[in-house]
Amino acid sequence: MRDNSRMAVEPTLRSWEEHFAARTRGGAGEGLLEILALAGAQDVISLAGGFPDPATFPGPALADILRELAESGDASPFQYSPTGGLPGPRDYVAGRLEAVDGRRPDEGELMLTSGAVEALELVGKALLDSGDRVLVEGPTYLGAIMAFQSFEAAVEAVPLDEDGLAVDELDRRLAHGPPPKLLYTIPDFQNPAGVSLSAERRLVLLELARRHGLLVVEDVAYRELSFADELPPSLWSLAPDVVLQAGTFSKTFFPGVRLGWAAGPRELVSKLVWAKQNTDQCAGALGQRLLEEYGRRGLLDEQLDRARALYGARRDAMADALERHVGARAAWIRPEGGFFAWLELGEGADAAAVARRALEAGVAVVPGPPFFPAAGGERHLRLSFSRADEGQIEEGIRRLGALL
Ligand SMILES: Cc1ncc(COP(=O)(O)O)c(C=O)c1O
């Protein structure tokens, strides 16, 4: 019989911390985990996560498509796909970009990704060396800060206001310091601020990008979730020579499919495809084919119409509740699309303390600091209206107002 006691070894490892790579020490990730945990809690009204409402997800039509695919004898949904995506789904997404943005990417200008967040990861992997300067909006999507910081980039926030990124401040930043590798922006219904970049500023931004040789990474996660009819042109459609567009089907189809795209200059896209070869090699072929079939039958557009109506009504409910229960104790801009309202509390307020007290009162909201790469957001709260129904929004804001 083996004597297991002789095999016992004294641990020599003092802590896992010393095993972790330097790139893991940005710290931003903890905030995201907390947000996701809050979003999932059962006993609180969650205005915390950026989750789509399951009521928008595809129903039995998707089951029919799945059965048809399985019975068709076509192996492509179940096989590895080319790294840039299967031809049919790529053609469908190219056609969609043409319909939404008025420009169809050429064959080499488009790839499918496993969600938009993977597109950002690939950008980091393909472009960023340790210490490279990256500009983002302050505030911005936490997942982007994490993606760029994980490649040890020096991520720097440029402020925004009700018309989006402050392009005059960007101009000043570009005049000083090492040239940034890229600027990351969310021009439509920004996460978390809810604002959109005005048509005039889009032109100024692109002029600056061309003048300084700056790559603009445009994240269009909420572009199709507009509550009004008119959208300014996408940055990529205006300047496909200097813009890489990252998009997602998480908010329009469903996040479980993990599907997005990157469209941009051919050389850059081919480098991203190279980078993807040893991340996951290809986005899931089954999801690609489901999206294609669902989309070509007009079902994605129908789903989008329902989603816009649902989120628009919730935006109205949140705006009404904020008027009545918060009033002048905070400032906010009425979002014209997307999932989020961004509250600026009065002088001296401590958003983290407010968020803690709100949670005690049974409402989850996200304080502002995680949306900045360094300091910022101490007086801000992000409120999401995508997942809570109108009654919960009213009650959540009533409780928040009471403690403010
Ligand atoms: C601005 C922005 N970009 C990207 C994503 C993530 O997209 P995906 O689910 O496709 O990775 C989100 C999700 O919250 C987002 O808000």
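Arg258 counts as partly exposed because 19 C-beta neighbours lie inside 10 Å. On this scale a residue is buried if 20 or more other C-beta atoms lie within 10 Å of its own, exposed if 12 or fewer, and partly exposed in between, with C-beta atoms placed from the backbone. Arg258 sits in the loop between strand 8 and strand 9. Its phi is near 45°, a positive value in a residue other than glycine. The structure is a predicted model, in which local features need pLDDT of at least 70 and side-chain atom pairs count only at pLDDT 80 or more, while totals for chains, interfaces and linings use all residues. Residues are numbered from 1 along each chain as its sequence is written.

Glu152 also has a positive phi, of about 60°, although it is not a glycine. Glu152 is placed in the loop between helix 5 and strand 4 (154-161), and it counts as partly exposed because it has 18 C-beta neighbours inside 10 Å. Most residues other than glycine have a negative phi, and most peptide bonds are trans. Two peptide bonds here are cis: the bond from Gly138 to Pro139 has omega near 10°, and the bond from Asn191 to Pro192 has omega near 15°. Pro139 is in the loop between strand 3 (133-138) and helix 5 (142-149), whereas Pro192 lies in the loop between strand 6 (182-185) and helix 7 (199-212).

The secondary structure as a whole comes to 13 helices and 14 strands. These elements are DSSP runs numbered from the N terminus, with helices (H or I) of at least four residues and strands (E) of at least two. Of the 404 residues in the protein, 47% are buried. The C-alpha trace spans about 70 × 60 × 55 Å along its principal axes.

Leu268, Val269, Leu272, Val273 and Lys276 are its buried residues. They are on the same side of helix 9 because they cover an arc of only 145° around the axis, the arc being that of the directions from the helix axis to the C-beta atoms. An α-helix has 3.6 residues a turn, so residues three or four places apart point the same way. The buried residues of helix 9 pack against strand 2 (110-113), helix 4 (116-127), strand 8 (243-248) and strand 9 (260-263).

The domain assignment gives domain 1 (23-57 + 301-403) and domain 2 (74-297), with bounds that come from an automatic or database assignment. Their centres, taken over C-alpha atoms, are separated by 24 Å. Across the boundary, 33 residues of domain 1 are in contact with 35 residues of domain 2, where contact is defined by C-beta atoms, placed from the backbone, that lie within 7 Å. Helix 1 (28-40), helix 11 (299-325) and strand 11 (340-345) each supply at least two residues of the side of domain 1 that touches domain 2. Helix 11 gives the most to that side, with 6 residues.

The ligand has 14 residues around it, and Gly115, Val117, Ala221, Thr248 and Ser250 come nearest. A residue is near a molecule if its C-beta atom, placed from the backbone, lies within 6 Å of it.

Key: Two residues are in contact if their C-beta atoms, placed from the backbone, lie within 7 Å.
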